[in-house]
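Please consult the sequence and the structure shown below while reading.

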Amino acid sequence: MITDKNILFLKSALCTESTLLTLEETLDWIKKQNQKVSVEVNKIPFSALELWGFDKEKSVLKHDTGKFFSIEGISVKTNWGRTNSWSQPIINQPEIGYLGFITKEFNGVLYFLVQAKIEPGNVNYVQLSPTLQATKSNYTRSHRGKAPSYLNYFVNAKPEQILLDQLQSEQGARFLKKRNRNIIIKIDEDIELLDNFIWLTLGQIKKLMFHNNVVNMDVRTVVSGISFGDYSFEDYNNISFLKPFINTESIQKKSLQSTMLVNKSLHSQEEIISFITRQKCKFELEINRTSLSNLEEWVIENDCIRHIEDKYFKVIAVEVNIGNREVLKWTQPLIEPAQEGICAFVCKEINGILHYAVQAKLECGNFDIIEFAPTVQCLTGNYRRTETGRLPFLDYVLNIPEHQTVFDTIQSEEGGRFYKEQNRNMIVLAGDEIDVALPENYIWMTINQLQTFVQYNNYINIQARSLLSATNFVS
C-alpha cells in the first residue's frame, strides 16, 4: 500500500540539499554546540553516589525513589550457542520512555526537528538526538528538574498527526526486556525553535550517519521504523520524482529497489515468519533474578562491578556536570564496555534484488527469546581475539575489499546508560564468493521485508535497526 506519509518520507529521504541548513553548516553547528556548553564527567566510587546505592545485601544497585533504572543480577540458562549458562549484571528499566520526532513540511519537503543533546556517556558529548528523548522518570520529573522541551506536542498529539508509533526493544545483552515508544508526529503550525534544535531532512540525517559518532542511537532506532511503502515494479518505475535516482546502477539505486519493491524476494513473508517461529520454538531461555553479590565470576569493588577476567563490561559510577540539561548536576551508574564491538550486514543481489543476510540471535534480555540481528554482531566479546572461522562471516567482513564496503563508521551506543561505548557499523556488498545457502540460523531478507518486521514489536534488534537506518538512496 502507498500512502501520503510514505511519499512524504520518501521525498525527505531523497533530499540531502536543505534550504535551511547544508550538511557542512550542520556539522559546524554541532561543533559550536559542543564548544559552548561545559561538560564534566568523572568516575567516582559507589559510596559517592547521591540518591543511588546498594541495598543491605548488595543484591541490587538502585535509585532511592525506585525510579529511573536499577542494576540487578541474573542467571541465564539456554540451549543456544556454545555457552549454555552464565550470570551477569543487567539494567532493569521496566518503564517505557519516549523517543520521538516532530516533523513539519517546508516547501513541500518533510523536515525533522533534531536536538543537539549531551549524554554523560557520549564519546564526544554532543550528538544529534530526536526531538524528545526521555524516560518516564524524566518526563514525569522524578528528577525534580525541568520538563523535556516539546513534551506537550507528543502528550497531546492527535491520531491524525501520528506518522509512526511503535514499541521497540533496546540492547538485549544489557537491558532486561526494555522497550521504548518510537514515535513521529507531524505539525502544521509554527513552532518556537529552541537554541539547541534544528530542522533536517531525512536524507540529511542519513548522510550524517556516515560521520563517526554524530547521530545517536535513539535517532537511528526511530528512523529505522520508517516505511516508504510497498510497490510493484511497474508502480515503482512510474514515480516521476524517482527518475533521477533509478536511472543509475549505483548501490543507492539497489538499496532503493530493495526498500520499495515487493514480490521480488527470495523468501515470502510467510516463510520468514515460519523461520523465526521455528527458532523461537527450538531455543530456550530461562532467566532468574539473583543478587549482584552472588554473581558467579563477577566481583563488586569500591568503584566498579567487573568480571574476574575483566571481560564483557563493567558497572561504574559517575558524577556529571552539564550546562543545558533538565538537571545540571547528578550522579548515576553507567555500563562501561571492555572493548569496541562490531555489527555488520552482508548483502547480496539475488534474482536482481538486494538481500541482507539476517541472523536469528538469542540475547538474555530479549522480550521473546530470539530477534533478527545483523549478519555479524560482536559486542560483549573481543572480536579481534575470536578464533578464525568460529563466527560466521566475521573473517569475511574484516577482510572485505574497500570497493565492496557500502557503509563503515563508528557509532555510539546510548550515552545515558553506556560510558563511551562505540561500535564499528558496516554494510558490505558480497558477490559470488558468498553462496545463497546460509548457516542454519540465517535467512536472506530484502530491506522492504526487514522494514515490515520493524513495524511489529520484538522482531528486529536495535543493532540491526541501527544499520537499517543508514540505508542511503542518494550518492
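Asn216 lies in the loop that runs between α5 (202–208) and α6 (217–224). The model is a predicted one.

- The side chain of Asn216 makes a polar contact of 3.0 Å with the side chain of Gln133.
- When residues up to four places away in sequence are not counted, Asn216 touches Gln127, Leu128, Ser129, Pro130 and Gln133.

**Val60 in strand β3**

- Val60 belongs to strand β3, which spans residues 60–63.
- The relative accessibility of Val60 is 12%, and because buried means under 20%, this residue counts as buried.
- Apart from neighbours within four places in sequence, Val60 is in contact with Gly53, Phe54, Asp55, Ser70, Ile71, Glu72 and Leu292.
- Val60 and Arg289 are 229 residues apart along the chain, and a distance of 10 Å separates their C-alpha atoms.

**Helices α10 and α12**

- Two packed helices are described by the angle between their axes and by the distance between those axes.
- For α10 (residues 269–282) and α12 (residues 447–454), the axes come within 11 Å and cross at roughly 60 degrees.
- The two helices, α10 and α12, are therefore oblique to each other.
- The crossing in which α10 passes α12 is right-handed.
- On the α10 side, Gln269, Ile272 and Ile273 take part in the contact, and they meet Gln449, Thr452 and Phe453 of α12.
- By residue class, this contact of α10 with α12 comprises 3 nonpolar residues, 3 polar residues and no charged residues.

- Helix α13 covers residues 462–469 and is mostly covered, with 8 of its 8 residues buried.
- Those buried residues of α13 are Ile462, Gln463, Ala464, Arg465, Ser466, Leu467, Leu468 and Ser469.
- The N-terminal end of α13 is capped by Asn461, which places a side-chain oxygen 3.3 Å from the backbone nitrogen of Gln463.
- Gln463, whose backbone nitrogen takes part in this cap, is also one of the buried residues of α13.

Key:
Residues are numbered from 1 along each chain as its sequence is written. This is a predicted model: local features need pLDDT of at least 70, side-chain atom pairs count only at pLDDT 80 or more; totals for chains, interfaces and linings use all residues. Side-chain values use heavy atoms; hydrogens and water are left out. Buried means under 20% relative accessible area, exposed over 50%, partly exposed in between (1.4 Å probe, protein chains only). Helices (H or I, at least four residues) and strands (E, at least two) are DSSP runs, numbered from the N terminus. A polar contact is a pair of N or O atoms within 3.5 Å; within protein, one must be able to donate a hydrogen and the other to accept it, and residues adjacent in sequence count only if both atoms are side-chain atoms. Axes are lines fitted to C-alpha atoms, for helices over the stretch in contact, and angles run from 0 to 180 degrees between N-to-C directions. Angles under 35 degrees count as roughly parallel, over 145 as roughly antiparallel, 65 to 115 as roughly perpendicular and the rest as oblique. A crossing is left-handed if the near helix is turned anticlockwise from the far one by less than a right angle, and right-handed if clockwise. Contact means heavy atoms within 4.5 Å. Ala, Val, Leu, Ile, Met, Phe, Trp, Tyr, Cys and Pro count as nonpolar, Asp, Glu, Lys and Arg as charged, and the others, Gly among them, as polar.
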